[in-house]
Amino acid sequence: MPETTIQTFGVRRIEIIAADGTADEALLPGLSGDQLRRLHYLMLLTRTFDRRALALQREGRIGTYPSVLGQEAAQVGSAFALQPSDWVFPSFREMGAHLTLGYPVHQLFQYWGGDERGLRTPDGMNLFPICVSVGTHIPHATGAALAARARGDRSAVAAYFGDGATSKGDFHEGFNLAGALKLPVVFICQNNQWAISVPLAAQTASQTLAQKALAYGFEGIQVDGNDVLAVFRATGEALARARNGGGPTFIECLTYRMADHTTADDASRYRPPADVEAWRDRDPLLRFERFLAKRGLWNGDYGAEVQAQAEGEIDEAVRRYESVPPPEPGEMFTCACAELSRRQRRQQENIR
């Protein structure tokens, strides 16, 4: 018998806004001027938060912190497409997603200041705690999607992670189950091209990370992760497909980590300065401001106005964070457990 090809595969790539702010009009999502400005403000707020967190860490007012600089579009664009009924599983660098979803800003500072109460998600918000261990939350997100199906609701699940997580077993286990059962989950990878000091080329021989989804029977899409509208469009389409029974999607947001991995890292020891400079020209915030300016939605005066607004919001969040009284030792039980056993109650009473 002659050799035959069983199946051929391809990976779509989406980019809407060019570096100079021009856009493919046919691909633009149907967002109003107010919504476009809201996207811009959330990206600006994320960057302002990031800048302040780095300053606070250097002053000893919070602990080790992972900068989000350069990844604002990937986080804000995807989170902006979510509905309140959707469930979100973040890793440790998703400050932009948290802010977009309305998570209290002072609680983010509280968490990075070492206070576990910062992770107490407000009632009514379907946001799971920050996951620092790389990739271990991916099976949890897949399980939440299975639970959503069992309940018969139309919510979708979004899981955030970086390129380093695609080298973990949790990634493959979560993807395999999601694909086999066609679960309503969207996997959002911020491919910032460095897993701490390990470059992407040393992690995988795949031309894209998106193609890894094909082995598990569902679509993988690559988007320009510095293009907030491309991310929003791809995520919105994937969420709609998930809610309507079309199964999972893997979105690879190709972006770049402009800062160190964390404040405990020095990326200049392993990363070529020329690479950083090349990506600086693709700054997601500046790109979106050029796009807005071409539509009469941004100018210097407006930029100064919203920057002052973001600074004021962050100032107030820092004030609230630093005015929170220290936790009582007994609170460790109520934070971890909905109901205490008799043994836990005795332990709690003994430390008061």
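Which residues does UniProt list for "domain: Dehydrogenase E1 component"? The unreviewed entry lists residues 42–329, in the numbering used here, with feature names shortened and annotations that may be inferred rather than shown by experiment. What you have above is a predicted model, in which local features need pLDDT of at least 70 and side-chain atom pairs count only at pLDDT 80 or more, while totals for chains, interfaces and linings use all residues. Residues are numbered from 1 along each chain as its sequence is written, and side-chain values use heavy atoms, with hydrogens and water left out.

**The annotated span**
- Residues 42–329 are 45% helix and 11% strand, where helices (H or I, at least four residues) and strands (E, at least two) are DSSP runs, numbered from the N terminus.
- The end C-alpha atoms of this span lie 36 Å apart.

**The sheet**
- Six strands make an open, parallel sheet in the order β1-β7-β8-β4-β3-β2; two strands pair if DSSP finds at least two bridges between them.
- At the edges are β1 (12–14) and β2, each of which pairs on one side only.
- On average, neighbouring strands are turned by 20° against each other, direction ignored; axes are lines fitted to C-alpha atoms, for helices over the stretch in contact, and angles run from 0 to 180 degrees between N-to-C directions.
- Strands β7 (residues 219–224) and β8 (residues 249–254) run parallel and are joined by six bridges, with Q222 opposite E252 in β8.

**Around strand β3**
- Five of the six residues of β3 (residues 157–162) are buried, so this strand is largely enclosed by the rest of the structure; buried means under 20% relative accessible area, exposed over 50%, and partly exposed in between (1.4 Å probe, protein chains only).
- With β2 (residues 87–89), β3 pairs in the parallel sense over three bridges, and here F89 stands opposite A159.
- With β4 (residues 185–191), β3 forms six bridges, again parallel; F161 has C189 in β4 as its bridge partner.

**Helices to look for**
- Helix α5 (residues 138–151) lies across β2, β3 and β4, at about 175° to β3, contact being heavy atoms within 4.5 Å.
- Eight of the eight residues of helix α2 (residues 72–79) are buried, so the rest of the structure largely encloses this helix; among them are E72, Q75 and V76.
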